[in-house]
Amino acid sequence: MAEAARQLTPEQEKQAIRDIAVAAEAHTTVGDTFYLITQRWWQYWLEYVNQNQTGNVNDGSSSEHHTSVSSSALKRPSCIDNSDLIDEAVPDDSATGLELLDTLVEGTDYILLPEEVWNQLYSWYGGGPLLARKVINTGLSQTELSVEVYPLQLQLHLMPKGDRSAIRISKKETIGELHRRACEIFDLTPKQVSIWDYFSHQKHALMSDMEKTLDDANIQMDQDILVEVISNKGEGGRSNQENGSLHNGSLSVAPSQSGFPTSGGLSAIKYSSRNGNLESQLQNLNTERAYGSSGVSTRGSSCGLTGLLNLGNTCFMNSAIQCLVHTPEFARYFQEDYHQEINRQNPLGMVGELALAFGDLLRKLWAPGRAPVAPRPFKAKLARFAPQFSGCSQHDSQELLAFLLDGLHEDLNRVKHKPYIKSKDADGRPDEEVADEYWANHIARNDSIIVDVCQGQYKSTLVCPACDKVSVTFDPFMYLSLPLQPATTRNMTVTVFTCDGSALPAPHTVTVPKQGRCRDLIQAVSNACSLQLNEKLLLAEIRGHLIYRFLEDPLVSLSSIKDDDHLTAYKIPKVLKSTKFLQLIHRREEQGTGNAQSTLGWKPYGTPLVSPISCDDTITRSDIQGIVHKMLSPMLRTKNSGAMTPGNASLGASSDQSKPVSSPKLPLQLVDENNACIDLTVGDDKVVKLSSSSMSILVFVDWSQKLLSSYDTSHIENLPEVCKYGHVSKKARNEPLSLYTCLEGFLREEPLVPEDMWYCPQCKERRQASKKLDLWRLPEVLVIHLKRFSYSRSMKHKLDTYVNFPLHDFDLTNYVANKNNTCRQIYELYALTNHYGGMGSGHYTAHIKLMDENRWYNFDDSHITAINEEEVKSAAAYVLFYKRVSSDRSSASNGVYCTNVSSSSSQKL
């Protein structure tokens with residue numbers, strides 16, 4: 001077949017692929033297969049088959065990829081090579097198979113081809129690897145078709161053994177299929193397994209409807225699923241009735257009804273991260289749209305509820321405009337006669353045209369009872385003065401907002417002739433004097449409604465590391481760009497245990513890179529605990545008094561470890577061959593609350609201990625007793641006159657494990673590979689059969705009151721958290737970052753980057769000075785940009801971090817460095833932009849609070865819907881607009897100056 005392809009001309013190849021593609025895409029349906037192909041190869045193939053044409057080809061590709069064809073013909077492409085789409089950090093033999101890089105963007109990194117098109121290209125060129133994905137139905141009405149490029153990746157946790165496995169599965173698969181796959185992975189029979197939604201590490205019922213899809217069950221990417229082996233005792237049965245999976249005493253498992261394999265993924269995600277919000281709006285507004293109107297913007301009784309038509313990827317512009325239009329000071333200013341303030345002579349402005357276009361658009365949006373507005377005139381002016389925003393490409397809403405604020409300021413600058421003013425250094429003068437001087441100099445050159453409303457001032461302090469020269473300046477700001485990673489390092493506490501009973505456990509707190517990996521933590525702890533050359537550390541995470549996972553992969557990101565997690569490190573010999581790890585799980589009898597005589601059974605407590613066991617040796621029950629005695633020996637009470645003594649314990653834990661244990665036997669139970677408990681107090685010489693499928697040997701030690709009198713178990717009971725903060729609640733796992741924390745990260749002192757070193761006037765050399773920012777003067781409207789997008793030479797990335805920002809009473813009083821400021825700085829949120837989806841393929845909306853209604857609305861281009869205040873916060877929040885709470889409660893002044901828009905927030909539109 002490859003020979004046949006070589007006989008085809010480039011034009012014939014193009015025609016064949018075009019015919020196949022048209023036929024295939026016309027009949028696309030749920031369950032069809034699409035293949036990913038790298039954009040690099042696809043683009044070269046397009047140039048190859050179009051090389052005899054003089055113009056660009058209307059193939060749907062961006063024109064920027066087309067280059068002029070040289071006189072020499074392009075060579076036929078080599079075999080297809082999709083390796084640049086594969087995450088090489090994931091082993092090829094992993095449970096999830098080949099993994100895609102998680103930063104891929106359709107149209108930029110890859111193209112999706114129908115199966116027929118791929119088969120034809122593959123027969124001609126060969127190569128690979130094959131990256132097949134399935135078409136699924138999405139949207140509220142389940143009528144939209146999307147390719148599931150990234151299927152769900154779920155983390156399966158087997159209890160009580162603690163084994164762990166990752167799985168890729170389509171969001172359209174059923175709970176029954178997930179149950180079947182989990183049983184298959186861990187080699188368990190369905191009747192002995194119950195699966196739980198383990199979101200936020202709490203058990204939530206999942207098996208009440210085995211035919212419900214994972215999508216309907218709200219199972220999300222990277223979520224934990226608990227796979228629980230059902231005990232034969234009554235406790236397990238009760239547990240599964242709560243999970244809704246027992247019917248007449250038997251487990252009912254429905255087969256998969258969707259027929260999807262584990263491949264799949266969402267291409268052009270269609271704003272799936274918005275939880276169906278857009279689809280819901282569209283469904284609710286069908287009646288209104290049939291009459292040519294859109295959403296609630298048809299209401300003639302309310303102003304300010306007019307949408308903006310999307311002109312082709314202009315949601316970034318629409319969301320920013322709506323937030324500015326609904327800023328009360330701007331709404332009032334541009335509805336009045338502002339023409340006299342237009343500065344047509346300003347060389348930094350746009351001869352007033354941007355201000356006029358914005359004012360005209362604002363008036364249309366505030367006119368009552370209007371249909372959605374098409375912002376074409378405004379976009380045309382924008383493209384004229386800022387060509388980067390021309391065309392139909394998606395752009396950053398914050399970048400547009402920054403341009404608009406600066407452009408409107410220059411167009412409306414009341415200063416027609418800017419005086420030249422040389423800034424002076426502080427030279428030891430009081431900060432108040434220097435700040436007022438800088439602000440007066442700034443106002444002498446910049447005086448507009450934008451400055452009145454949006455500009456503040458911060459103090460910048462630079463310290464030379466060589467001569468300690470201190471330079472203080474006071475600079476204006478239009479908005480604050482806050483980092484979502486407030487620190488570059490973090491403190492982590494790990495408790496180190498020995499496996500040979502040579503020492504008591506000891507916690508060690510170390511400093512590691514915030515974006516570091518497990519190898520950084522292991523190295524730091526190794527240094528802190530004076531690890532010997534013949535030893536190494538086995539790092540583990542503890543949850544619910546069990547080992548949740550071993551962190552054996554040195555490349556695991558430390559960001560996966562939360563501050564309220566609990567970590568242990570076990571010292572083990574460095575040279576270990578054919579080794580399994582004995583996990584000693586502590587249990588004690590739990591008493592009932594109503595009746596002192598009733599018990600609730602043996603429950604895990606404390607911290608598990610770990611000891612290596614060679615698979616090459618024959619291990620008896622007596623050997624296990626000896627190993628456990630040795631592990632527990634540091635906790636023996638030295639003053640106890642009971643049956644156990646340190647001497648007896650050390651004799652029982654002798655390295656010669658073939659000898660019988662002389663110490664009293666401990667109440668130990670071993671969990672075999674069938675999840676049955678074996679009593680280790682009898683049959684000393686019986687050989688213990690080690691499981692071939694698990695690396696762990698689970699042993700329970702049941703601590704009776706009598707046994708506790710011989711051992712001091714307090715050393716294993718209070719395992720410290722990774723990072724302990726007095727005020728952090730358990731909610732911190734889901735809300736790790738507050739807006740205050742982001743602000744503190746922005747204001748934190750840090751060294752300048754090497755590319756931006758400071759010229760010290762005293763040393764007469766460039767120095768990597770330390771820089772500290774402080775807020776000094778706050779504006780009437782405070783705009784806060786959350787830095788969700790990061791760029792580097794090799795990749796671009798979006799942070800979907802949830803930031804907990806206040807809607808009311810955003811108190812910045814303690815963050816203002818001006819000590820003469822006696823007024824409280826309280827702000828209230830009135831607008832924000834949201835970004836849903838990934839880099840380059842996302843969608844922008846705005847949430848806006850109408851002051852006269854005291855009600856929040858979602859502005860999604862031309863569609864507007866009322867929302868509850870609880871819906872305002874989400875991980876999509878991008879740019880926040882806060883208005884100072886003016887009152888006698890706080891006065892219109894910030895304690896330093898009064899703007900000419902004072903008390904405006906009390907006026908309603």
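Modeller: In this predicted model, the largest nonpolar core holds 57 residues, and Ile321, Phe330, Phe378 and Phe881 have the most contacts inside it. A nonpolar core here is a set of buried Ala, Val, Leu, Ile, Met, Phe, Trp, Tyr and Cys residues joined through side-chain atoms within 4.5 Å, where buried means under 20% relative accessible area, exposed over 50% and partly exposed in between, with a 1.4 Å probe and protein chains only. Residues are numbered from 1 along each chain as its sequence is written, and side-chain values use heavy atoms, without hydrogens or water. Local features need pLDDT of at least 70 and side-chain atom pairs count only at pLDDT 80 or more, while totals for chains, interfaces and linings use all residues.

Leaving aside residues up to four places away in sequence, Ile321 touches Leu308, Leu361, Leu365, Phe378 and Leu404, contact meaning heavy atoms within 4.5 Å.

Helix 11 (residues 353–366) and helix 13 (residues 397–411) pack at about 110°, their axes 8 Å apart; helices (H or I, at least four residues) and strands (E, at least two) are DSSP runs numbered from the N terminus, and axes are lines fitted to C-alpha atoms, for helices over the stretch in contact, with angles from 0 to 180 degrees between N-to-C directions. Helix 11 is therefore roughly perpendicular to helix 13, given that 65 to 115 degrees counts as such, under 35 as roughly parallel, over 145 as roughly antiparallel and the rest as oblique. In this contact, helix 11 contributes Glu353, Leu354, Ala355 and Phe358, and helix 13 contributes Phe403, Leu404, Gly407, Leu408 and Asp411.

Four strands, antiparallel in their pairing, form an open sheet in the order 3-1-5-6, two strands being paired if DSSP finds at least two bridges between them. Strand 3 (110–114) and strand 6 (144–147) stand at the edges with a single partner strand each, so one side of each has no neighbour in the sheet. Five bridges join strand 1 (residues 33–38) to strand 3 in the antiparallel sense, and Ile37 has Ile111 as its bridge partner in strand 3. Helix 3 (residues 39–49) packs on this sheet, touching strand 1 and strand 3, and its direction makes about 85° with that of strand 1.
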